[in-house]
Amino acid sequence: MDVVEELIRSSKLIFKNAEANIYIGNLLGKRVVIKQRVYKKYRHPVLDKRLRRLRTYREVSIVYYLLNKGYRVPTPLFSSLKHSLIVFNFIDGRKLSEVLRSEKSIEKERLIYSLGGIIGGIHNEGIVHGDPNLTNFILSSREQEIYIIDFGLSYWSSSPKDHALDLDVVRRSLQTVEADNYETLFNIFLDGYQNIYKNFDELVSFFNKLVKMGRYHEYR
Amino acid sequence: MDGQFVVLGIESTAHTFGVGIVEGSKDDFRILSDSRSKYVPPKNKGIEPFEAAESHSKHAIDTLNRALGEAGLNLRDIDILSFSRGPGLGPCLRIGATLARFLALKYNKPLYPVHHGVGHLELVSSYYKLSNPLHLLVSGGHTTILRLKNGRYRVFGETLDITLGNLIDVFAREAGLSFPGGPIIEKYAKKGRVYLDLPYTIMGTNFQFSGMLTNALNLLKSGYSLEDVAFSLQETAFSIVVEGLERALTSMESRPDSVAVSGGVASNDSLFEKIREMAGYHDIEAYRLPKKLNGDNGVQIAIVGLKMALSNISPPPIENTKVIQRWRIDEVDIEWM
């Protein structure tokens, strides 16, 4: 049995997310999260292999880059393309989606504003997250800061057109978490974003188009 | 008669003119009849709204009479009327709406306007008595992931360009096959052996297919077999949709215990197999209607009329029953249980 299989065997499966199994375990005495992209029977094996390798590779390289730039992301400690697996340090905290459900509105607004700044920052670095829904941010218990996780769909791009795609995911995610009050919160998010992001004027026209791209909008 | 209604629903959003009759109460319902007439566009052409509407107006009365005959009823036995108000093609919608208004006035029956997409969702969940499933609506008009929450079907993911139905129909048409392309493409895809790379575009739980369409057509032009390209197109497009569905499912705070697939493309076995595989992995059930009921029909419109009547919702005055061509499904208030 190789090292990776041994590590997984001794760890505890805590969650099956859309593409990966998430385990909690120990590596050299440190508490770690193990993310293993698993084979999906519903995908053709050729496509499945292509996606798992690509996403594992991108996630590791982009997270490393952001870590070096001082962003709050989990630290990748080990990775294996062969097993499509990454080992991260463990971050104790709660998902932002859960936090937003329980917090008072003033605290909600503060968090959403700073989330805008964080996403503006990674966009300035030329990175698109790909799935910045609110379950992909963790509010850490210790320093009460927002960590970004799950870069599986992320890619390199400096185009405001691609950055607008991320904003639309945030908008839709807020809509499902905070159905009634989402517009106010999204505007606060945009304030925080605009404060940091440098191509906002250019991005706005793409973003407005995108919002109308779903099915059957009255004005399109 | 108390708490029990006979409802006649009229569907005419696109190529199908349908009349369905259901009888039901709070606990159960029965389909008494389901009659349809279908407009088929000329070879190598898409649906032409005015031609479709003309075909609908020609066959409307006959379709209505067949539905009544099948159910062994006449119009006086009907308690409630409903019709598909939108979204869809204006000329087609107006044929169904006009017939519905005429019947409502002449026989003095309550008339409920219904959102076509909501009809697909309500039919599958009533049929299997599902409580708040995660829905995937896949048709020519929608490719949308939804769930009922606080009185609306909230969109958890959707296509940002063309629908799965469009993708398959346009591909089939460009390949010189007849309309509707779905069943023919499915047949060719079953014989495909080689998986060819195609663009895989997913952003969170939203997706795009138009890049894939262009690429698939180019593969066809450059000499790859229709079987292999159709197979690769289905494999890639379906994997994207199932991944979107899986992402929506796993990010939900309160997980549903079932997935319900509806709309014309739900009849594709390869798509449904993939969904069942994904659902099984997360220990939940996947459901779809008998194939006949996946495509557009009057029954899905009647079932929503029934629910509205059972919840004592008052129908709007007849002058407020204008069709709505563009009508987002998440703007409809769901006021029934």
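This is a predicted model: local features need pLDDT of at least 70, side-chain atom pairs count only at pLDDT 80 or more; totals for chains, interfaces and linings use all residues.
**Second largest pocket**

I listed the lining next and found 30 residues, of which A:Phe15, A:Ile22, A:Lys95, A:Ile138 and A:Ile149 lie nearest the centre of this pocket. I then looked up the elements that give two or more residues to the lining: from chain A they are strands E1 (12–16), E2 (20–27), E3 (30–37), E5 (85–89) and E6 (93–95), and from chain B helix H7 (226–250). E6(A) gives the largest share, three residues. By residue class I noted 12 nonpolar, eight polar and 10 charged in the lining of the second largest pocket.

**Largest pocket**

I turned to the largest pocket, with a volume of about 1,300 Å³. I found 45 residues lining it, and the closest to its centre are B:His15, B:Ser139, B:Gly140, B:Gly141 and B:Asp169.

Which elements of chain B each supply at least two residues of this lining? I wrote down strand E3 (29–38) and helices H2 (90–107), H4 (164–174) and H5 (182–191). H4(B) provides the largest share, six residues. The lining of the largest pocket divides into 12 nonpolar, 20 polar and 13 charged residues.

Technical notes:
Residues are numbered from 1 along each chain as its sequence is written. Chains are lettered from A and ligands numbered from 1 in the order in which they are written. Side-chain values use heavy atoms; hydrogens and water are left out. On a 1 Å grid over the protein atoms alone, a cavity is a set of points where a 1.4 Å probe fits but cannot get out, and a pocket is an open set with protein on both sides within 12 Å along at least five of seven lines; lining residues have an atom within 4 Å of a point. Grid points are joined across faces, edges and corners, and a volume is the space filled by probe spheres set on the points. Helices (H or I, at least four residues) and strands (E, at least two) are DSSP runs, numbered from the N terminus. Ala, Val, Leu, Ile, Met, Phe, Trp, Tyr, Cys and Pro count as nonpolar, Asp, Glu, Lys and Arg as charged, and the others, Gly among them, as polar.
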